[in-house]
Amino acid sequence: MKITGLSKVLVAEGYSSTEINHHSSKTNTSIMKSLYLFIVITILTTCMSCQNSNPSNQSNNQNDSSNAMPADTAMLAAAYDQYKEESITKKRFKHADLEPLLHKLTANPQFKLHRLGQSVQKRNIYQLEYGSGPKKVMLWSQMHGDESTATMALLDIFNFLAGQDDGFDTVRNLIRENTHLYFIPMLNPDGAEIFNRRNAMAIDINRDARSGTTPEGKILIEAAKTVQPEYGFNLHDQQPYYSAGYSKTPATISFLAPAYNYERDTNEVRADAMRLIVGMNQLLQHYIPNGVAKYDDTHEPRGFGDNFQKWGARTVLIESGGYPNDPEKQFIRKLNFFIILNGLIDIATDNYKNYSAEDYMSIPENTSKHHDLLIRNLTYQSDTLQYKTDLGINQNQYTLDKGNYYVRGIVADVGDLLESAGYEELDADGLTMTPGKVYEETFETIQDISADHAWDLIQQGYYAVRLENMPEERAHNLPLLVLNEANPPGGGMHLGMAANFFLSKGSRLQYAVINGYLIDLNNKTEREFKQYVR
């Protein structure tokens with residue numbers, strides 16, 4: 001049976017278009033949701049059974065993804081909206097925020113929580129179990145402490161799996177009866193404490209699968225030996241500066257079916273991981289068209305993903321990248337919820353087997369082509385030189401307390417950047433780079449500088465002010481640099497220099513670039529500045 005869409009399935013089962021439209025609306029009752037999901041899953045599992053019993057169908061499906069059941073996007077969206085963990089809204093959170101949420105789940109008899117061991121700094125590392133099915137799936141997140149997007153999504157999935165009598169029980173029963181899930185959220189709690197990639201021994205845990213030097217690495221190795229999973233989800237974040245292939249679209253999600261040897265051979269285990277990824281990619285195209293890439297598959301013998309694949313687990317690497325106006329990665333968190341939950345459904349039903357591994361090859365590769373700010377056709381002029389060029393600026397983030405951070409903008413690239421892209425772009429044709437000034441007077445406290453005063457100073461060509469007294473709270477939201485102990489950082493065109501300058505047309509200033517923020521001097525607008533008194 002060829003399934004070309006959910007509506008056609010319902011029509012085939014005798015539902016009218018009116019019933020389908022009513023069923024798809026946000027006012028669905030719990031009964032209608034249950035009926036809807038029951039029909040979809042019944043048809044899906046029936047199709048899987050028929051195809052699995054027909055060897056010729058299995059052979060054909062290796063090169064054709066058209067027989068796969070499409071994801072139920074309406075169900076996924078409704079589930080996320082209902083079960084998002086509201087206590088976590090920023091990507092910088094700590095083990096102390098996670099631990100009580102895990103213990104809370106133990107009130108539900110469907111979950112089992114185990115303490116696998118402790119980190120270098122004696123923080124507990126847990127494994128959460130769900131389901132009693134034959135297919136073992138292991139999912140681990142935040143082995144790099146500053147890569148928290150998937151951990152947020154796992155908390156949302158835990159809430160979903162803990163729910164009942166809401167119209168989603170058919171999905172839960174399907175997952176619970178066909179899979180046995182082993183979640184290890186926040187494998188690197190010490191790194192998460194300071195939002196740092198490496199653990200407290202300064203070792204990259206994802207390069208410790210071979211030697212097992214770190215306690216965190218040992219815990220994951222032992223968990224894999226004990227569980228012997230058939231499927232693995234290796235959940236990470238990547239820099240927001242990757243593009244999807246040679247397009248100008250950011251790689252919001254990147255995948256990898258890791259290679260288990262240097263030759264990058266593809267056995268059936270790795271091919272199945274590719275099929276899972278093809279299904280996830282098809283789902284993501286509804287939300288981030290052309291915004292999916294695949295990671296470089298050079299074999300890393302120390303990496304956990306490569307070794308899980310070698311150990312026989314169909315392993316999928318998910319990397320959460322960047323998306324416009326999503327600094328806390330809350331939209332990307334939602335995408336993680338969608339693809340992980342739907343991936344579990346595909347595993348439970350064997351639907352992933354209907355995707356073609358060859359379609360994985362058509363996913364574009366990551367390319368490092370993005371910047372926070374890209375200024376094109378900027379004129380630079382000195383006493384001896386005048387030329388026009390492009391300028392790429394990135395804002396590096398530095399962690400503060402309470403989930404906050406500040407940025408420092410630097411020049412990341414200079415030259416012909418035609419193929420590059422920016423989350424924010426400006427065509428500066430006709431504009432000349434002009435140095436900024438430091439205000440001559442010193443303010444006593446930061447409270448003496450109002451937002452309006454700061455705006456007036458910027459319009460006069462000032463990018464920084466001095467402060468006599470260092471405030472207790474050094475984070476601030478002023479568009480200016482505020483200096484107490486530090487010398488003025490200046491700014492210029494060379495790589496690594498601070499991104500502080502003005503753009504002028506003739507004698508009139510048109511734009512300011514201060515700490516990597518682009519400010520239109522002809523259009524005063526409210527925006528957030530992540531600044532820090534230096």
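**Parallel strands, a buried serine and an annotated glutamate**

Strand β3 pairs with strand β5 (residues 231-237) in the parallel sense, over 5 bridges. Pairing here takes at least two DSSP bridges between two strands, and the strands themselves are DSSP runs (E, at least two residues), numbered from the N terminus just like the helices (H or I, at least four residues). Along this pairing, Ser141 sits opposite Leu235 in β5. Strand β3 (residues 135-141) also runs parallel to strand β4 (residues 179-184), and 6 bridges join the two. There, Lys136 stands opposite His180 in β4. In general, strands of a sheet pair through backbone hydrogen bonds, either parallel or antiparallel. As for cover, 6 of the 7 residues of β3 are buried, where buried stands for under 20% relative accessible area, exposed for over 50%, and partly exposed for anything in between (1.4 Å probe, protein chains only).

A word on the model itself: it is predicted, so local features need pLDDT of at least 70 and side-chain atom pairs count only at pLDDT 80 or more, while totals for chains, interfaces and linings use all residues. Residues are numbered from 1 along each chain as its sequence is written, and side-chain values use heavy atoms, with hydrogens and water left out.

Stepping back to the whole protein, the secondary structure comes to 14 helices and 23 strands. Of the 534 residues, 56% count as buried. The protein exposes about 23100 Å², and carbon and sulfur atoms supply 46% of that area (Shrake-Rupley method, 1.4 Å probe; for residues, only the protein chains shown count as cover). Among contacts (heavy atoms within 4.5 Å) with a separation of 6 or more, residues 24 or more positions apart account for 75%.

Next comes the annotated position. UniProt, in an unreviewed entry, places the feature "active site" at Glu300; UniProt positions are given in the numbering used here, feature names are shortened, and such annotations may be inferred rather than shown by experiment. Glu300 lies in the loop between β8 (292-294) and α12 (304-310). Its relative accessible area is 17%, so Glu300 counts as buried. The side chain of Glu300 makes a polar contact with the side chain of Arg302 at 2.9 Å. Such a contact is a pair of N or O atoms within 3.5 Å; within protein, one must be able to donate a hydrogen and the other to accept it, and residues adjacent in sequence count only if both atoms are side-chain atoms. Leaving aside neighbours within four places in sequence, Glu300 touches Arg207 and Asp306.

Ser243 belongs to strand β6 (residues 242-244). With a relative accessible area of 0%, Ser243 is buried. Its side chain makes a polar contact with the side chain of His370, at 2.7 Å.

β16 and strand β17 (residues 462-467) run parallel and are joined by 4 bridges, with Lys437 opposite Tyr462 in β17.

Val482 is found in strand β19, and at 1% relative accessible area Val482 is buried. Beyond residues up to four places away in sequence, Val482 touches Val465, Leu467, His476, Tyr532, Val533 and Arg534. Val482 and Val438 are 44 residues apart along the chain, and their C-alpha atoms are separated by 9.8 Å.

Finally, the backbone has a couple of spots to check. Most residues other than glycine have a negative phi. Ala202, though, has a positive phi, near 65°, and lies in the loop between α9 (189-193) and α10 (215-227). Ala202 counts as exposed, at 52% relative accessibility. Lys329 also has a positive phi, of about 60°, although it is not a glycine. Lys329 sits in the loop between β9 (314-320) and α13 (330-349), where it is buried at 9% relative accessible area.
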